[in-house]
Amino acid sequence: MPKLIAANWKMNKTIKESISFIEEFKKITKNIGNAEIVVCPPFTLLHEIKKLLKNSDIKLGAQNMHFEDAGAYTGEISPLMLKEIGCEYVILGHSERREIFNEDDFLINKKTISALNHGLKPILCIGENLEQRKNAKTEEVIENQLRNCLKNIDKNQIAEITIAYEPVWAISRGDPNHRAATKEDAEEGHQFIRNIVAALYDENTAEKTRIIYGGSMKPENAKELLAMPNIDGGLVGNASLKAESFAEIVRAAK
Ligand code: PEP
């Protein structure tokens, strides 16, 4: 299974900026390894970027969605709309959605089921915050998030889900010098997640589940993180905003 390297641009880039990124990124990533690459821009850029990605292997993802197909939900975007525009992936349950917009596991589970029903591949984010880690609650938090968010999702559907382990304390919030998890701490989290997936489904399913790391991944640390046995890729925020640094991470994913 190739590693998955996904860019989470969050609320960044105008159309003009995104065009020059994609044009440069396409050039420098030609023939640089076999990672699966996904770009998740803001909704306003999806249409333009889809056009630019024609004849390229780079895939398109969204950063969020509503679980309903249509209706009176001012300001929301539906899975039908994401499918129509050409998204293959959708990030769900990001810690910024959980913390700033009060999304809980119950809602994230509904979104995950809806995404799967529409043929969208969820990148399901989980992870503990600093206080929970300090209080030795990491495993409890991760296990609860997994159990709740994967409720009523069967063994065949889990194959379409990528789990992103994003310890909230490691997320850069735009600070390029922010400290990532060590490769050992990240690996420990990933191993634990795989064990829970095995308990919820079975060993074989757990082996095949893609678990990617997010939290201050950058060119300087990507290689060592991506070399860990249970780290199947990366969800990259700040370092995905520049074509050269995102490409450097893709290069590290051999
Ligand atoms: C993220 O928020 O998904 C993320 C990984 O951000 P960063 O790489 O900037 O820490």
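User: This is a predicted model. What is the handedness of the crossing of α1 and α2?

Analyst: The crossing of α1 and α2 is right-handed. In such a crossing, the near helix is turned clockwise from the far one.

User: Why are α1 and α2 called roughly parallel?

Analyst: Look at the angle. Helix α1 (residues 15-28) and helix α2 (residues 43-52) cross at roughly 30°. Angles under 35 degrees count as roughly parallel. The pair is therefore roughly parallel. Their axes come within 10 Å.

User: Which residues of α1 and α2 meet?

Analyst: From α1 come Ile15, Ser18, Ile19, Ile22, Glu23 and Lys26. They meet Thr44, Leu45, Glu48, Ile49 and Leu52 in α2. By class, this contact has 6 nonpolar, 2 polar and 3 charged residues.

User: At what angle do α1 and α12 pack?

Analyst: The angle is about 35°, and the axes are 9 Å apart. Helix α12 covers residues 243-252. α1 passes α12 in a right-handed crossing. Phe21, Glu24, Phe25 and Ile28 of α1 take part in the contact, with residues of α12 including Phe246 and Val250. The contact divides into 7 nonpolar, no polar and 3 charged residues.

User: How far from a ligand oxygen atom is an N or O atom in the side chain of Asn8, and of Glu166?

Analyst: For Asn8 the distance is 3.4 Å. For Glu166 it is 2.8 Å.

How values were computed
Residues numbered from 1 in each chain as written. Predicted model: local features only at pLDDT ≥ 70, side-chain atom pairs only at ≥ 80, totals over all residues. Heavy atoms only, no water. Axes fitted to C-alpha atoms, helices over the stretch in contact; angles between N-to-C directions. Helix = DSSP H or I, 4+ residues; strand = E, 2+ residues; numbered from the N terminus. Parallel < 35°, antiparallel > 145°, perpendicular 65-115°, else oblique. Contact = heavy atoms within 4.5 Å. Nonpolar A, V, L, I, M, F, W, Y, C, P; charged D, E, K, R; others polar. Polar contact = N/O pair within 3.5 Å; in protein donor to acceptor, adjacent residues only side chain to side chain.
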